[in-house]
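Here is a short briefing on one protein chain, meant to be read beside its structure. The points are grouped by topic.

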Amino acid sequence: MFDAFELRGEFFEGLVAIDEAIVARAAEEPCRDCGGPLHRGDYPRKPRGGHLAAAAESFDRRFSLCCGREGCRHRATPPSVRFLGRRVYIGAVVILASAIALTAMTASAIVRATGVPARTTRRWSRWWQGPFTTTSPFVDLSARLVPAPERRRLPVSLLHRLAVDPSVAITKLLAWLAPITTTSSRDGSRWLRAAM
Ligand SMILES: [Zn+2]
């Protein structure tokens, strides 16, 4: 079972290192539109960590790339293990708070433990058990895990299968999810495999 615990600095330093490696690999490739060089063009984010990841509120930049050729300026944002798409909470909180929400008895207990509003964790639960199950990360993971993880218990049923240590399991799940964290890089999983 997943109890509330605070994800600390060392955990996030690991995620920053992975994101740095991914953006470095992505920058080695030319612009998809014009073949020009890609330069760093990070953009600001103000993520929330709730009670679980206050340290993550210092993540103020989403690593991104921008074509250097005049007239193109195409943006390419590689996958991330920190930011899960446009959600304001960082990915690790989306995972951990959703896991806690599955095991906590009451809505108020979930809010006390996570610092995330109840309607938000309910929305995440619907995502894990619905749209998430049609994504390529879930399909690929399910194909490797026998028996397949129980859908009603997502994301806990996946975390238990990825690692015994909760923070290691969360990092592994973030890496699996990374390809769906951006729509502006095709097949970002290549860079991720290189970075892990
Ligand atoms: Zn370009």
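In this predicted model, helix 2 (residues 91-103) and helix 4 (residues 118-129) have axes that come within 9 Å and cross at roughly 95°. An angle from 65 to 115 degrees counts as roughly perpendicular, so helix 2 and helix 4 are roughly perpendicular to each other.

**Helix 2 and helix 4**

- On the side of helix 2, the contact is formed by Val93, Val94, Ile95, Ala97, Ser98, Ala101 and Leu102.
- Helix 4 meets them with Thr121, Trp124, Trp128 and Gln129.
- Sorted by class, this contact holds eight nonpolar residues, three polar residues and no charged ones.

**Helix 5 and helix 7**

- Helix 5 (residues 136-144) packs against helix 7 (residues 166-177) at an angle of about 125°, and their axes are 9 Å apart.
- Because of this angle, helix 5 is oblique to helix 7.
- Helix 5 contributes Pro137, Asp140, Leu141 and Arg144 to the contact, while helix 7 contributes Leu173, Trp176 and Leu177.
- Five residues of this contact are nonpolar, none are polar and two are charged.

- Three strands form an open sheet in the order 1-4-5, with antiparallel pairing.
- Strand 1 (38-40) and strand 5 (75-76) are the edge strands, and each of them pairs on one side only.
- Strand 1 and strand 4 (residues 65-67) run antiparallel and are joined by three bridges.
- Within this pairing, His39 has Cys66 in strand 4 as its bridge partner.
- Helix 1 (residues 9-27) lies across strand 1 and strand 4, and helix 1 runs at about 150° to strand 1.

**The zinc site**

- Which residues coordinate the zinc ion? The donors are the SG atoms of Cys31, Cys34, Cys67 and Cys72, at 2.2 to 2.3 Å.
- Why is the arrangement called tetrahedral? The four donor atoms subtend angles of 100 to 112° around the zinc ion, and four donors count as tetrahedral if all angles lie between 85 and 135 degrees.
- Along the chain, the donors follow the spacing C-x2-C-x32-C-x4-C.
- Cys31 and Cys72 link distant parts of the chain, being 41 residues apart.
- Cys31 sits in the loop between helix 1 and strand 1, whereas Cys72 sits in the loop between strand 4 and strand 5.

**Backbone exceptions**

- Most residues other than glycine have a negative phi, and most peptide bonds are trans. The next points concern departures from these patterns.
- Arg73 has a positive phi of about 55° although it is not a glycine.
- Arg73 is located in the loop between strand 4 and strand 5, the loop that also holds the zinc donor Cys72.
- The peptide bond from Val146 to Pro147 is cis, with omega near -5°.
- Another cis peptide bond runs from Leu154 to Pro155, with omega near 5°.
- Where in the chain is Pro147 found? Pro147 is in the loop between helix 5 and helix 6 (156-162), and Pro155 is also in the loop between helix 5 and helix 6.

Conventions
Residues are numbered from 1 along each chain as its sequence is written. This is a predicted model: local features need pLDDT of at least 70, side-chain atom pairs count only at pLDDT 80 or more; totals for chains, interfaces and linings use all residues. Side-chain values use heavy atoms; hydrogens and water are left out. Axes are lines fitted to C-alpha atoms, for helices over the stretch in contact, and angles run from 0 to 180 degrees between N-to-C directions. Helices (H or I, at least four residues) and strands (E, at least two) are DSSP runs, numbered from the N terminus. Angles under 35 degrees count as roughly parallel, over 145 as roughly antiparallel, 65 to 115 as roughly perpendicular and the rest as oblique. Contact means heavy atoms within 4.5 Å. Ala, Val, Leu, Ile, Met, Phe, Trp, Tyr, Cys and Pro count as nonpolar, Asp, Glu, Lys and Arg as charged, and the others, Gly among them, as polar. Two strands pair if DSSP finds at least two bridges between them. Donors are N, O and S atoms within 2.8 Å of the metal (3.2 Å for Na, K and Ca); water is not among the atoms, so sites may look incomplete. Four donors count as tetrahedral if all angles lie between 85 and 135 degrees; four count as square planar and six as octahedral if opposite donors are over 155 degrees apart and all others between 65 and 115; anything else is irregular.
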